[in-house]
Amino acid sequence: MKVQVPSKTFIIPIFCLVLFVGCYHSDKPTNQYLSLLGGVSLERRITIVGDSLGQWSDGFGLKTKLPSEYKVTDISVAGYTIEDWLQNKNRMNAIPTDLWIIELGTNDAMVYGTNGFEVRTKELISFLESSLSSKVILTTIPLTNMTSIRETIRINNQTIRQLKEKKTNVDYVEIESIFESYSGTIPLYPISDPIHPNQIGYELMGEAYRKKILGI
C-alpha cells in the first residue's frame with residue numbers, strides 16, 4: 001500500500017538562509033567531483049532518485065548551489081519506496097547520469113519496516129552500478145517527527161552506513177546526525193507535517209549534498 005501524500009501545491013522559494021547556513025555558488029571547477037567520477041564527463045550529470053522529500057524540495061536546491069557545469073535532474077516521486085524504483089528501472093535507465101543521489105527510506109519504514117531493506121537497497125545499487133556507468137551516493141534520512149517510524153528509520157540508516165563500508169564504489173551523506181544535532185530555535189518540521197521538513201530542513205540537506213559533491 002502506497003503512502004498517500006496530500007494533494008497540494010508546495011512551492012519552495014529559492015532564497016538564501018544567510019543567517020543560518022548561507023548559500024553558495026561558484027563557476028570554478030572542482031577536483032572532488034573528478035575524483036568521484038574519474039573525469040568521465042565534461043558536463044557533470046547528477047540525478048536525484050527519491051520520494052516526496054526530494055520532489056517537494058526542488059532537488060534540494062542543488063541546481064543553484066552547484067557550479068554551472070553540473071546538470072542536476074530530480075526524478076523523485078512522492079510516495080515511492082525503493083521497491084517502487086526497482087519496478088520502474090526504465091525511468092532511471094533512460095537518464096544519462098554520472099552521479100546518483102539516492103534519497104529513499106521514509107516510505108520504506110512506513111510500508112515495510114526494516115524487513116528486506118538491505119536486500120532492496122543492494123539491488124538498487126547493483127542495478128545503477130552494473131547497468132549504468134555511474135557512481136552512487138546513499139543518504140541516511142531524517143528520523144522525522146513521527147514517533148512510530150523513528151526507530152525503524154534509525155535501524156535502516158545504520159544499514160546504509162554498513163553498506164557504504166562494504167562497497168567501495170558507494171558513498172553516503174549523513175543527514176540523520178545533521179538533523180539530530182540541529183540546535184536552532186526554529187523547529188525543522190511544521191506542526192502540521194511531522195515527515196516533510198520546512199525550508200530550513202531542506203536547506204540543511206542541500207548543503208550536506210553540496211559539500212559531499214564538492215569535497216568541502
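The model is predicted: local features need pLDDT of at least 70 and side-chain atom pairs count only at pLDDT 80 or more, while totals for chains, interfaces and linings use all residues. Residues are numbered from 1 along each chain as its sequence is written, and side-chain values use heavy atoms, with hydrogens and water left out.

In soluble globular proteins, nonpolar side chains tend to be buried together. A nonpolar core is here a set of buried Ala, Val, Leu, Ile, Met, Phe, Trp, Tyr and Cys residues joined through side-chain atoms within 4.5 Å; buried means under 20% relative accessible area, exposed over 50%, and partly exposed in between, for a 1.4 Å probe and protein chains only. The largest such core contains 27 residues, and Ile46, Leu62, Leu66, Met205 and Ile213 have the most contacts inside it. At least two of its residues come from each of strand S1 (44-50), strand S2 (70-74), strand S3 (99-103) and H10. Helices (H or I, at least four residues) and strands (E, at least two) are DSSP runs, numbered from the N terminus. H10 provides the largest share of this core, eight residues. Another core, of 22 residues, lies apart from it and includes Ile102, Phe127, Leu138 and Tyr172. If residues up to four places away in sequence are not counted, Met205 touches Leu53, Phe60, Glu103, Pro142, Ile175 and Phe179, where contact means heavy atoms within 4.5 Å.

Aromatic rings form a further set of relations. Rings of Phe, Tyr and Trp (its six-membered ring) pair if their centres lie within 6.5 Å; planes under 30 degrees apart count as stacked, over 60 as edge-to-face and the rest as tilted. By this rule there are four aromatic pairs. In one of them, the ring centres of Tyr80 and Trp85 are 5.1 Å apart and the planes stand at 70°, so the pair is edge-to-face. Tyr80 is buried at 16% relative accessibility, and Trp85 is buried at 0%. Elsewhere, Phe60, Tyr202 and Tyr209 are joined by ring pairs into a cluster.

Charged residues come next. Side chains of opposite charge can pair when their charged atoms come close. A salt bridge is a side-chain nitrogen of Lys or Arg within 4 Å of a carboxyl oxygen of Asp or Glu, and the structure holds 14 of them. One joins Lys65 to Glu207, with the closest N and O atoms 2.7 Å apart. Lys65 belongs to helix H3 (residues 62-65) and Glu207 to helix H10 (residues 199-214), so this bridge ties together parts that are 142 residues apart in sequence. Lys65 is buried, at 3% relative accessible area, and Glu207 is buried as well, at 6%.

Asp171 lies in strand S5 (residues 170-174), so the pair connects parts 41 residues apart in sequence. Lys212 is partly exposed at 25%, whereas Asp171 is buried at 19%.

Asp108 and Arg120 form another salt bridge, their closest N and O atoms being 3.7 Å apart. Both residues are buried. Arg120 also lies over the face of Tyr112, 4.1 Å from the ring centre; a charge sits over a ring if NZ of Lys or CZ of Arg is within 6 Å of the ring centre and within 35 degrees of the ring normal. Finally, salt bridges link Glu151, Arg154, Arg161, Glu174 and Glu176 in a network.
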